[in-house]
Amino acid sequence: MNALALAPPPAADPPTVADPSAVADPPARRRGPSVFPVLDAPRPRSIEAHGAAAQVLWSGLSPALRAQVADHADAVGAVLADADAPLPGIPVRAEVCDPAALAGPGRDEHAHGLGEAGRAPLLIVAEDGEVTEDAWRRCLAAGARHLLRLPRDSEDLLGALTTLERPSTRGLIVAVAGGSGGAGASSTAARLAGALARRSRGEDGTVLVDADPLGGGLDELVEAAAPGGIRWSDIGLLGPEDGPALREGLPEIDGVRLLAAQDGPASTPDLARSALTALAGTDARVIVDVGTELAAAVLEAADRLLIIVRPTDHGVRSAARRLDAWPRPRGGVGVIVRGGGAWSARDAAEELGGELLGSFRDHPRTAVPLLDRRRGGADRLCSRLAAELLAEGAPS
């Protein structure tokens with residue numbers, strides 16, 4: 001989703017939009033090219049409150065924030081109801097509250113049970129201004145998916161509610177990251193995308209996204225000569241309705257649609273959120289090669305994370321530190337072990353708190369992902385994972 005991450009970055013890192021309190025005046029967002037319709041104003045309400053297809057539950061303490069959330073729910077065709085008086089027979093797509101409802105005298109009355117398993121996704125809204133460290137911690141403890149400041153993050157709230165309003169059309173977004181430098185995340189992401197494309201036979205579409213701004217470029221890795229089409233520099237503010245146009249405009253290589261920088265500027269956190277918000281509104285299987293710079297932004301939208309780990313003391317420790325710093329996607333973390341080392345694959349996955357998905361030996365350096373397919377190693381593992389992902393679909 002196009003929203004702000006919950007976990008603030010370490011103090012040593014440069015400020016990013018992942019920590020709202022670190023940014024006083026965010027730069028204006030660039031609108032996308034004319035091929036993408038952009039939501040300039042809230043859509044008129046198309047259904048009566050008690051005939052709504054979905055409801056958003058409010059359990060906050062601020063009347064002013066409640067009024068703004070009601071307007072946003074109305075804009076996406078949902079109805080806002082109080083958490084203690086939900087409308088009968090209408091599905092709940094999200095719960096929304098403010099930080100004050102998570103602590104203080106109103107907690108038991110307004111926020112009981114928020115974030116519990118089985119409940120609708122929880123969004124926290126706050127007024128513009130600095131968000132305190134205590135508020136961050138309360139939001140994390142409550143299991144909130146996003147913390148948004150209004151009216152500054154109005155578009156992000158619209159995007160979140162729109163995506164939640166369309167669960168049946170949500171694409172599957174899988175982030176692939178390295179537990180340490182040189183772990184092989186880019187080549188694994190490309191091989192997994194190729195395996196998905198071959199198994200689905202192009203019916204639903206497979207998209208490979210280069211979200212590693214300091215990498216060498218997926219277009220170079222898969223030897224895609226002058227692919228053309230849409231690249232990162234062509235993308236602005238997009239919503240779920242823009243997904244089909246974005247997907248169709250991407251260059252296709254061996255059945256895989258590729259979003260990369262090519263010879264232009266690389267992605268930024270805002271562009272990554274925008275693109276994944278759009279692609280989440282399609283039925284595509286999206287594989288994201290994510291670098292540490294964009295991990296927080298990508299993992300907001302990802303259904304699951306696959307982390308490639310070297311089974312050495314250095315590799316496992318590095319992966320553990322990265323996972324501690326990153327938000328965990330709702331579908332959990334899968335561990336893939338590459339090569340040999342002092343750690344067994346099972347012990348490495350257990351140490352990292354993830355599910356062991358498999359392991360493979362190093363592939364020949366001359367092998368080109370998407371172009372070269374082999375019976376064993378990474379290609380065999382990615383073929384099996386592709387079959388499992390196609391069978392499972394996106395988590396609800």
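# Briefing: sheets, crossovers and cores in a predicted model

The model is predicted, with a mean pLDDT of 78 for the protein and 74% of its residues at 70 or more. Strand β12 belongs to an open sheet of eight strands with mixed pairing. Strand β7, a member of that sheet, likewise has six of its six residues buried, so β7 too is largely enclosed by the rest of the structure.

**The eight-stranded sheet**

- The strand order is β8-β9-β7-β10-β6-β11-β12-β13.
- Strands β8 (252-253) and β13 (355-360) form the edges, each pairing on one side only.
- Strands β6 (residues 172-178) and β11 (residues 304-309) are parallel and share five bridges; Val176 stands opposite Leu306 of β11.

- Five bridges link β11 and β12 in the parallel sense, and Val335 in β12 is the bridge partner of Ile307.
- The path from β11 through α10 to β12 is a right-handed β-α-β crossover.
- Strands β12 and β13 also pair in the parallel sense, over five bridges, with Arg338 opposite Phe360 in β13.
- A right-handed β-α-β crossover leads from β12 through helix α11 (residues 345-352) to β13.

**Strand β7 and its neighbours**

- Thr206, Leu208 and Asp210 point one way from β7, whereas Val207, Val209 and Ala211 point the other way, and all are buried.
- Strands β7 and β9 run parallel and are joined by four bridges; Val207 stands opposite Arg257 in β9.
- Strands β7 and β10 run parallel and are joined by six bridges, where Val290 in β10 is the bridge partner of Ala211.

- Helix α10 (residues 313-325) lies across β6, β11 and β12 (333-338).
- The angle between α10 and β11 is about 155°.

**Nonpolar cores**

- The largest nonpolar core has 44 residues, of which Ile235, Leu246, Val286, Val288 and Val298 touch the most other members.
- Helix α8 (residues 269-280) supplies the largest share of this core, seven residues.
- Another core, of 32 residues, lies apart from the largest one and includes Ala183, Val256, Phe360 and Leu389.

- Strand β1 pairs in the parallel sense with β2 (residues 79-82) over four bridges, and Val56 stands opposite Leu80 in β2.
- Together with helix α1 (residues 63-75), strands β1 and β2 make a right-handed β-α-β unit.
- Strand β1 also pairs in the parallel sense with β3 (residues 92-97), over four bridges; Glu95 in β3 is the bridge partner of Leu57.

**Confidence along the chain**

- Residues 1-50 have pLDDT under 50 throughout, and the model gives this stretch 112 contacts beyond four places in sequence.
- Residues 105-113 also have pLDDT below 50, with 13 contacts in the model beyond near neighbours in sequence.

Technical notes:
Residues numbered from 1 in each chain as written. Predicted model: local features only at pLDDT ≥ 70, side-chain atom pairs only at ≥ 80, totals over all residues. Heavy atoms only, no water. Core = buried A, V, L, I, M, F, W, Y, C linked by side-chain atoms within 4.5 Å. Buried < 20%, exposed > 50% of the residue type's maximum accessible area, 1.4 Å probe, protein only. Helix = DSSP H or I, 4+ residues; strand = E, 2+ residues; numbered from the N terminus. Pairing = 2+ DSSP bridges. Contact = heavy atoms within 4.5 Å. Axes fitted to C-alpha atoms, helices over the stretch in contact; angles between N-to-C directions. Right-handed = clockwise from strand over helix to strand, strands pointing away. pLDDT = per-residue confidence, 0-100.
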